[in-house]
Amino acid sequence: MLGVLTGFGIIAFVIAVGYVVGRIGIGGPQAGYVLNRIAFFVTNPALLFLVLSKEDLHVVFSGVGVAANLAAIITGGVFLVLSRVFFPRPAARTTIGVLSSSYSNFNNIGIPVAVYVLGSAAYVAPVMLVQLIVFAPIALTVLDVTSRGRISVRDILLNPVRNPMIIASVAGVVFAALGWKLPGPVDSAFTLLSGAAVPVVLMAFGMSLHGSAPLRATGARAEVVIATVFKVVLMPLVGWAIAKYGFHISGHTLFVTTVLSALPAAQNVYNFAARYERGEIVARDAVLLTTVFSVPAIFVVALLLT
């Protein structure tokens with residue numbers, strides 16, 4: 001449990017710094033917007049490329065990765081159906097809701113949890129890879145196309161060429177598949193840039209909390225509450241069931257799969273929402289609430305499965 005608390009403590013501290021910066025007004029009223037754009041166009045792509053370029057792509061097909069990814073797909077799919085039936089929203093905002101209920105925080109909280117609780121950072125690789133090369137491109141395509149107010153096959157096909165995060169993800173996968181390595185100085189430059197990705201995103205998120213409180217916006221409460229419950233309750237239950245009964249996984253590996261499914265919504269969900277100016281309140285509140293409630297959720301998982 002110390003590893004979980006340590007990881008969340010680090011995240012909470014950087015978010016708190018962002019909140020204080022926003023409250024004091026350092027950088028002016030546009031500071032959060034600027035940080036989000038820097039993260040989207042510079043630091044996040046550098047991080048995605050660096051991580052993916054050094055991963056073993058064969059781990060994507062492991063039972064743990066498949067079970068956790070299926071849990072995300074099922075949870076997001078159920079949210080999508082409920083959203084369309086009970087609280088229909090525009091496609092871009094619905095996409096943010098789906099991500100809030102199923103897109104996990106592997107880059108930030110996932111890695112320290114994997115190291116300190118699960119025993120190895122390698123556990124996050126299969127799920128993170130699929131999120132980056134499948135889920136994120138699909139979601140970003142929807143956000144990009146719908147935010148511009150028109151849909152065409154040409155736009156969908158050309159969208160990956162225009163999106164720096166998708167380009168970085170694909171380039172990282174190509175490097176990993178071909179066994180290519182960056183020259184030392186170039187690798188160091190990417191490492192330096194990617195090191196700014198997490199604090200920049202977290203500080204921008206912290207700035208967004210100034211002057212706001214979770215569930216204050218009545219028009220977004222249903223989405224936020226359902227997304228939060230789905231992320232910290234439904235998704236780990238689905239991941240556990242798929243791993244146990246679908247792949248006959250047991251012991252520590254079953255624990256690993258369930259914990260991966262119980263991680264909070266990623267800060268990148270808010271980053272996506274802010275970048276496209278769609279569903280920002282939903283993303284902000286869901287990320288905050290899932291981050292808070294995933295601590296007891298993972299604690300309960302640990303009590304039941306270890």
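**Close-up 1. Salt bridges in the predicted model.** Four salt bridges are counted, each a side-chain nitrogen of Lys or Arg within 4 Å of a carboxyl oxygen of Asp or Glu. This is a predicted model, where local features need pLDDT of at least 70 and side-chain atom pairs count only at pLDDT 80 or more, while totals for chains, interfaces and linings use all residues. Residues are numbered from 1 along each chain as its sequence is written, and side-chain values use heavy atoms, with hydrogens and water left out.

**Close-up 2. A network around Glu223.** Salt bridges link Arg89, Arg93 and Glu223 in a network. Arg89 meets Glu223 at 3.1 Å, N to O. Arg89 sits in the loop between α3 and α4 and Glu223 in helix α11 (residues 221–246), so this pair ties together parts 134 residues apart in sequence. Helices are DSSP runs of H or I with at least four residues, numbered from the N terminus. The closest N and O atoms of Arg93 and Glu223 are 2.5 Å apart. Arg93 lies in helix α4, so its pairing with Glu223 in α11 ties together parts 130 residues apart in sequence. Glu223 is buried at 2% relative accessibility. Arg89 is partly exposed at 22%, and Arg93 is partly exposed at 24%. Buried means under 20% relative accessible area, exposed over 50%, and partly exposed in between (1.4 Å probe, protein chains only).

**Close-up 3. Arg284 and Asp285.** Their side chains form a salt bridge of 3.2 Å, N to O. Arg284 is buried, with 13% relative accessibility. Asp285 is buried too, with 2%.

**Close-up 4. The largest pocket.** Its volume is about 340 Å³. A pocket is an open set of points on a 1 Å grid over the protein atoms alone, where a 1.4 Å probe fits, with protein on both sides within 12 Å along at least five of seven lines; lining residues have an atom within 4 Å of a point. The volume is the space filled by probe spheres set on the points, which are joined across faces, edges and corners. Sixteen residues line this pocket, with Val98, Leu99, Phe135, Ile138 and Ala139 nearest its centre. Helix α4 gives the most to the lining, six residues.

**Close-up 5. The second largest pocket.** This pocket has a volume of about 240 Å³. Its lining has 17 residues, and Pro29, Ala31, Gly32, Tyr33 and Met207 lie nearest the centre. Helix α2 gives the most to this lining, with four residues.

Terms used: Helix = DSSP H or I, 4+ residues; strand = E, 2+ residues; numbered from the N terminus.
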